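Biologist: I have a new model open and would like to read it with you. Shall we go through it by question and answer?

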Amino acid sequence: MKRFAMATLVVGALALSACSKDRLGDEYGTAGLGGDFVAGSPSDPKSPAYFQQTIGDRVLFAIDQSSLSPEGADLLTKQAAWLMENTAYTAVIEGHADEQGTREYNLALGARRASAVQNFLIERGVAPNRLQTVSYGKERPLEICSTELCYAKNRRAVTVLAAGAATS
Amino acid sequence: MSINLKKLILERSSGAVLAVMVMAAVSVFGLSRPAVAEGPLRIEITDGVIEPLPFAVPDFQAEDGAAGEYARSIARVVAADLAGTGLFREIPADAFVSGVTSFASPVAYADWKTINAQALITGAVSASGDSINVKFRVYDVFSGQPLGEGLQFSGSIGSWRRVAHKVADIVYSRITGESGYFDSRVVFVAETGPKNAKRKRLAIMDYDGANVQYLTDSSALVLAPRFSPTGDRVLYTSYETGFPQVYVLDVATVGRQVLSQQQGTMTFAPRFSPDGRTVVYSLSDGGNTDIYTMDISGGNPRRLTSAPSIETAPSFSPDGSQIVFESDRSGNQQLYVMPAGGGEATRISFGQGRYGTPVWSPRGDLIAFTKQNAGRFHIGVMRTDGSEERLLTASFLDEGPTWAPNGRVIMFARESQGATGAPALYSVDISGRNLRRVVTEGAASDPAWSPLLK
């Protein structure tokens with residue numbers, strides 16, 4: 001139930017902020033709060049909510065690594081299949097790092113992580129022009145404690161859907 | 001907002017002071033180093049242990065009614081600048097045996113000797129219309145003579161703090177033999193909000209935290225501003241388009257423009273070349289980050305590194321001939337130096353742990369860096385060949401050193417731990433002494449120190 005309460009709040013914030021971007025995430029472009037409002041029902045296989053919550057929109061990485069784990073690869077295989085089915089969506093893949101590192105290095109590390117996911121999805125058949133990458137480095141942690149428990153969740157790449165077919 | 005400098009000539013027979021205009025609109029920066037006394041009034045900044053030198057700054061004399069409020073404030077800023085270095089210790093006014101009743105009167109050295117004031121700074125302020133005029137002298141109490149000539153600065157009333165910083169720069173310079181750093185500014189990132197939804201905007205302030213102005217709003221994430229060699233422009237990284245790109249901002253007008261945009265790439269970690277014409281930065285393409293340069297106008301991009309590893313955080317040597325940067329080509333982050341046009345890089349860091357964010361000192365003698373080792377972060381310095389590494393700080397997270405214009409002090413960001421953790425600015429001497437918090441209104445990160453102002 002906590003998740004729904006949070007979703008309501010975020011909807012309110014989005015309405016107030018008059019976000020100009022047509023992104024299905026919060027205004028930072030980060031599915032970082034764990035309760036972002038995403039259209040549709042998690043039980044409807046065609047909905048972004050299904051992609052985000054039922055398949056899972058993120059993969060996690062080991063410390064200072066950008067290679068995909070076997071679990072990560074399984075999840076991305078499903079993401080790829082969904083994207084191939086639902087061609088009305090594009091995606092921005094966000095790479096993130098935990099706070100153990102300098103700002104510039106973490107930006108570069110986040111870029112590696114986002115790129116690892118992008119490459120995997122392309123290998124599985126998703127058209128390259130539907131995928132963009134961005135790195136947030138350590139700027140947008142999901143969890144805010146300073147222990148490995150939180151760091152493990154912050155070292156992530158998140159596939160954020162956007163409505164609209166590819167433009168280029 | 002220029003400040004004019006004139007010399008004072010002391011007419012010894014009458015004791016009156018006659019201001020003679022020697023030169024106008026000359027910056028302190030452009031002056032040759034003032035003569036340094038060979039006597040006892042001298043601090044060697046590089047000494048390992050320093051007993052702070054006791055000084056006295058009586059309130060400056062107000063020469064007219066309009067100057068009243070500045071006479072004391074200016075003396076206070078001068079005192080704070082000097083004491084803030086850790087090299088000087090102020091003797092409080094309530095210890096004074098006698099005051100200074102007139103700027104022109106001879107100094108009663110015995111009264112200052114009694115309270116062990118080794119340096120005495122006296123001044124007088126006059127104001128008319130929109131301008132302020134500040135005269136001052138420095139005395140070597142124990143040798144019983146002035147230290148250098150009397151000088152006067154004039155500028156707009158609104159620039160009174162700058163005038164005070166210029167006075168303090170000259171005092172510092174005469175006693176240490178080094179150029180000062182007080183008339184300078186710091187551009188940084190002002191942060192608000194919780195750790196998982198931080199809002200960041202660029203801000204600029206005097207080096208001591210006064211006169212804060214915001215240069216951007218917080219609608220887009222901004223990172224790591226860096227001054228141009230003349231201090232009038234700032235390079236930084238913004239997520240304005242949703243993707244990190246390098247921007248250049250004019251400090252006076254706060255007008256900004258993107259340096260260049262290349263679809264599908266991210267650019268970040270920009271810095272100016274010493275001549276201000278070139279920008280060195282990192283570009284990530286397909287997950288790989290390398291170092292590039294580009295003209296400040298946005299043309300002529302050149303790729304300097306070409307490796308599958310991460311190459312970032314580049315910084316020019318002050319002569320413009322070399323670039324120090326970090327790379328994980330060896331398996332983890334280390335520091336390398338290469339020619340400014342690219343080419344073979346030499347690794348310079350070999351200690352335990354990881355090294356990042358190298359910054360070449362404005363004097364050219366040292367490289368400051370962030371080091372991570374055994375779960376702690378340090379700010380350190382090493383010679384440009386990597387020798388004589390010295391760690392100056394240690395904490396949960398220290399990062400991003402920037403040099404004072406005289407290459408003797410480093411500012412950096414220290415972030416506290418945990419859910420409520422937030423960054424703040426600190427400064428420390430290159431000897432590791434005098435660690436101080438730089439007071440800002442809210443959380444602050446990514447400081448960059450300007451050159452001395454003109």
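Biologist: In what order do the four strands of the open sheet in chain B stand?
Modeller: Keep in mind that this is a predicted model. The sheet is open, and its pairing is antiparallel. Its four strands run in the order β25-β26-β27-β28.

Biologist: Which strands of that chain B sheet stand at the edges?
Modeller: Look for strands with a single partner strand. Such a strand has one side left without a neighbour in the sheet, so it stands at an edge. In chain B these are β25 (354-360) and β28 (390-391).

Biologist: In β26(B), which residue is the bridge partner of B:Tyr355?
Modeller: Strands of a sheet pair through backbone hydrogen bonds. Here β25(B) pairs with β26 (residues 366-373) of chain B over five bridges, in the antiparallel sense. For B:Tyr355, the partner in β26(B) is B:Lys371.

Biologist: Now chain A. What pattern does it follow along the sequence?
Modeller: Chain A has five helices and four strands. Read them along the sequence. The pattern is α-α-β-α-β-α-β-α-β.

Biologist: Within what arc do the buried residues of α2(A) fall?
Modeller: Helix α2 (residues 48-56) of chain A has the buried residues A:Pro48, A:Phe51 and A:Gln52. They line one face of the helix, because, seen down its axis, they fall within an arc of 90°.

Methods
Residues are numbered from 1 along each chain as its sequence is written. Chains are lettered from A and ligands numbered from 1 in the order in which they are written. This is a predicted model: local features need pLDDT of at least 70, side-chain atom pairs count only at pLDDT 80 or more; totals for chains, interfaces and linings use all residues. Helices (H or I, at least four residues) and strands (E, at least two) are DSSP runs, numbered from the N terminus. A residue is buried if 20 or more other C-beta atoms lie within 10 Å of its own, exposed if 12 or fewer, and partly exposed in between; C-beta atoms are placed from the backbone. The arc is that of the directions from the helix axis to the C-beta atoms. Two strands pair if DSSP finds at least two bridges between them.
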